[in-house]
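Let's walk through this structure together, one step at a time. Keep the sequence and the 3D view open as you read.

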Amino acid sequence: MLPAECSRRLVAELRDALDSCAERQRQLEQSLRVSRRLLRVWEPAETPAPEPTPGPEINEEAPSSACPPSPQDLKELELLTQALEKAVRVRKGLSKAGEGVKVPSLKSGSASTATKASAPPSTSRCTGSRAPETKPPRGVHHPWVPAKDLPGRRLLLVGDGAHMGQGAGANKTEAGLRDQQIVPQAASQVPEAFTLKDKGALLRLPEAFRKAASRNARLWAQLSSMQTGDSADAAAATATATAKTQFLQKMQTAAGLPGSMLSTAEVGRLQKACSMLRLRMREELTAAVVEQPQGLWPEGPPRAALPCGGGADPVWSPQLLLYSSTQELQTLAALRLRVAMLDQQVHLEKVLMAELLPLLREQEPLGRPWLALCRAAHCLLCEGGQHFLTVLQDEPADRLSPP
Amino acid sequence: MGRRRRRRPDPADAARALPEAIAALSRTLPAAPSPETFRRAKFDRPEAAPALWRLLFRVLSPLPADGALASLALEAQARWVKSALRSQGYPRRALVQLPDEGSQGARELLLALAWLLARGPLPERLLTQSHVRLGDEMPVCECEALASPGLPAPGVEAEGCVDIRHVQWLTGKLRLRWRNLMAGQQEQCALLGKIHSYTRGCHSDRSLGHLSVPETELLRDPEGGRQLLQLLEKENARLEAALEWRRRELVFWQWMDTVLDACSPEDSPPTFLPRIPEPEAGVAGLLARELQALQEELREAAEARRAAWQAAAGGHGPEWRAARRALQAAVAQDLAALQRSWEQDQGRARPHGPRRLVRTEARAPGGPDLRAAEATEALRAREACLEAVLCQLQGQCRQELARLAGARPGLIWVPPPTR
């Protein structure tokens with residue numbers, strides 16, 4: 001058994017390492033869940049009960065009635081209604097027996113949607129209106145906005161009841177036909193399945209979101225420039241900085257604690273600096289071995305430098321990482337994790353060395369316990385915990401007791 | 001009105017400046033109490049203390065606002081805040097002496113908050129922590145992973161003695177976790193690649209081109225989208241408050257001076273201090289030795305290089321001396337800049353945050369954006385270095401253990417077969 005303090009420290013370090021791994025795993029799994037779901041067929045956010053009469057459907061849309069439609073809603077509604085009427089005409093031309101029954105419901109559906117402005121079809125749903133809000137974010141209701149430049153106005157569609165029960169596969173074959181037909185949610189039963197693969201290119205971000213996002217970027221840029229001291233009012237900035245320094249000094253001198261002790265945070269920063277320094281030295285020295293000194297000052301090889309200078313920009317800034325293929329992305333991600341793992345391993349190695357080697361040095365190498373510890377330490381320290389060595393006792397023959 | 005008002009700095013403005021500064025601070029910090037609480041704290045009112053404990057807890061905890069953490073009792077939060085501040089080097093003893101039950105010391109807590117604000121860009125750091133991620137982000141370097149471990153999460157119990165086999169078992173478990181992580185990561189990249197290709201051309205921002213997962217998700221799930229929008233708008237409000245705070249904060253510091261003066265001066269006799277956990281002393285010693293070793297290594301390497309350079313450059317003429325002086329000046333400049341940037345980096349900076357992934361065929365060279373190929377290359381270099389360091393450490397251990405084992409005769413050590 002290891003002594004108590006040593007045990008505590010070792011277990012604490014390993015627990016930290018395990019926890020940070022677990023945290024990464026948790027975040028990864030969450031991302032995986034979301035991504036997988038996005039690539040499957042999208043479930044409509046509200047699935048109305050499959051009934052032929054439009055009444056209940058409209059009532060299901062009724063929660064949205066609490067939300068007053070915006071002018072944009074109304075305009076789109078009008079466009080939709082016109083398209084609907086056209087669709088009815090087209091359908092009449094193409095209608096098969098099974099679909100004939102839908103036409104009256106279409107008519108009544110379109111009539112009711114025309115009159116009930118408060119029950120917009122699927123392309124403008126007030127989904128957030130269940131809770132009373134002072135400012136319903138309208139922009140979010142329009143996930144599938146028609147791409148105005150496309151001639152054959154390809155609204156994303158809801159399927160009609162005749163195809164209810166058929167899977168996504170069937171939808172694909174009907175896609176060409178469907179594109180010309182526009183059926184309101186109110187009159188139909190099952191919305192057509194949407195897959196990112198087929199129709200991802202049609203998506204458009206809602207207006208309100210775009211505005212908020214661009215305002216967000218602008219504000220961050222302003223905050224960032226203020227940090228780096230680009231602000232116009234340099235005098236005020238200096239005065240503030242001075243005031244802060246003076247305050248800190250006053251706090252320190254008014255203190256009863258000796259100020260020379262290193263705090264844990266400072267030790268941590270020094271450790272970080274030490275690791276970075278060590279790495280940097282290795283890079284330089286290995287590079288220098290390869291390089292021949294030329295001229296008065298040997299130029300280092302142009303190295304792709306990670307943006308890890310010392311440039312302190314504590315504020316988030318929208319920098320991009322461009323990749324061109326999935327393979328490239330996977331390689332990068334794998335490498336990043338490997339570097340993180342190696343970094344952790346180096347740290348743990350140092351911790352283990354600091355804990356175990358002194359123990360082995362101190363103890364008298366007398367009995368089995370020491371041997372067992374030595375063997376285990378060798379495994380951990382020299383083989384990354386993966387391989388064991390074998391220890392053989394080399395007893396001289398005359399020491400063996402007779403059988 | 002008969003009198004004409006002259007335009008001069010209105011004293012009423014000056015009187016308003018402080019409340020407005022504090023109000024801005026209150027709006028930008030997460031879970032901040034009302035401006036009135038700050039004022040009460042100056043006068044050490046007991047009702048102000050709990051809110052300030054909670055604020056400090058929220059501000060200092062390394063994890064984002066977590067349900068579990070937030071629901072900790074005030075007493076537990078107060079204890080945690082005390083040790084967190086202590087570990088950051090908070091200089092005043094009065095804080096440590098405050099009772100845990102949380103109803104006293106509002107003025108001291110106000111000073112603690114100001115101390116944190118003075119040391120680094122606290123509002124910005126908090127905003128960055130809770131920043132709404134609109135893109136698919138990937139950190140390129142692992143510098144954040146190197147950040148100080150800080151305090152253990154509240155609620156960690158001490159362990160008794162363990163056997164070394166337990167340590168081995170934990171190491172094995174860690175290895176397995178990494179392997180799982182890597183497998184999952186590969187899948188996630190494949191999925192991202194698909195999502196980015198399928199949504200090409202959708203983004204209003206041409207430089208991005210395609211949608212990210214959060215953006216696509218908000219289209220799939222309008223309810224979630226609405227929530228995202230709300231978060232974004234809240235963040236915008238906090239950002240504006242932060243900007244206002246930065247513009248107005250001078251008057252706050254002038255006020256804090258008066259708060260500090262209002263405190264009774266601390267008595268300096270060396271009274272009993274709560275025992276500092278020993279590992280800090282040990283770790284600092286370790287660090288000192290490591291730095292010394294690095295310095296030694298650097299000195300040797302520098303000597304070798306200098307000698308080689310002198311031999312290659314040949315001789316001493318005035319030209320050579322001038323070049324050498326120029327080099328020394330350049331190096332001195334670099335060192336000074338390095339020192340400055342280190343000193344500025346007081347708060348917990350995030351110099352290289354995660355970057356937004358963008359899938360593009362475009363091959364425009366240069367620019368502020370990083371290309372995956374470049375990042376990969378840099379990471380490979382780092383990987384090689386780390387592997388070398390690990391190898392060297394393991395070699396050191398092997399030697400040491402061999403020496404210790406060699407002291408014990410009559411044993412044969414059979415190393416594991418090398419692959």
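**Helices, chains and confidence**

Leu122(B), Pro123(B), Glu124(B), Leu126(B) and Leu127(B) of helix α8(B) touch Arg238(B), Leu239(B), Ala242(B), Trp245(B) and Arg246(B) of helix α11(B). Here a contact means heavy atoms within 4.5 Å, and helices are DSSP runs (H or I, at least four residues) numbered from the N terminus. By class, this contact has 7 nonpolar, no polar and 3 charged residues. In this scheme Ala, Val, Leu, Ile, Met, Phe, Trp, Tyr, Cys and Pro count as nonpolar, Asp, Glu, Lys and Arg as charged, and the others, Gly among them, as polar.

Before going on, a word on what you are looking at. This is a predicted model, in which local features need pLDDT of at least 70 and side-chain atom pairs count only at pLDDT 80 or more, while totals for chains, interfaces and linings use all residues. Residues are numbered from 1 along each chain as its sequence is written, chains are lettered from A and ligands numbered from 1 in the order in which they are written, and side-chain values use heavy atoms, with hydrogens and water left out.

How do the two helices of chain B lie? Helix α8(B) spans residues 122-129, and its axis is 10 Å from that of α11(B), at an angle of about 165 degrees. Axes are lines fitted to C-alpha atoms, for helices over the stretch in contact, and angles run from 0 to 180 degrees between N-to-C directions. The helices α8(B) and α11(B) are therefore roughly antiparallel, a word used for angles over 145 degrees, whereas angles under 35 degrees count as roughly parallel. Their crossing is left-handed, meaning that the near helix is turned anticlockwise from the far one by less than a right angle; clockwise would be right-handed.

Now follow α11(B), residues 222-262, across to chain A. Its axis comes within 9 Å of that of helix α8(A), residues 207-227, and the two cross at roughly 25 degrees. The pair α8(A) and α11(B) is therefore roughly parallel, and this crossing is left-handed. Among the residues in contact are Phe209(A), Leu219(A) and Trp220(A) of α8(A), and Leu232(B), Leu239(B) and Arg246(B) of α11(B). The contact divides into 14 nonpolar, 4 polar and 6 charged residues.

Another pair links the chains as well: α11(A), residues 326-362, and α9(B) pack with axes 8 Å apart, at about 165 degrees. These helices are therefore roughly antiparallel, and their crossing is right-handed. Their contact has 18 nonpolar, 6 polar and 2 charged residues.

Side chains of opposite charge can pair when their charged atoms come close. Glu217(B) and Arg37(A) form a salt bridge (2.8 Å, N to O); the term means a side-chain nitrogen of Lys or Arg within 4 Å of a carboxyl oxygen of Asp or Glu. Glu217(B) is in helix α10(B) and Arg37(A) in helix α1(A), so this pair joins two chains. Over all chains, a search finds 39 salt bridges.

Chain B has a mean of 83, with 82% of its residues at 70 or more; chain A has a mean of 68, with 54% at 70 or more. In chain A, pLDDT is below 50 over residues 97-188. Where pLDDT is low, the predicted coordinates should not be read in detail.

Methods: Parallel < 35°, antiparallel > 145°, perpendicular 65-115°, else oblique. pLDDT = per-residue confidence, 0-100.
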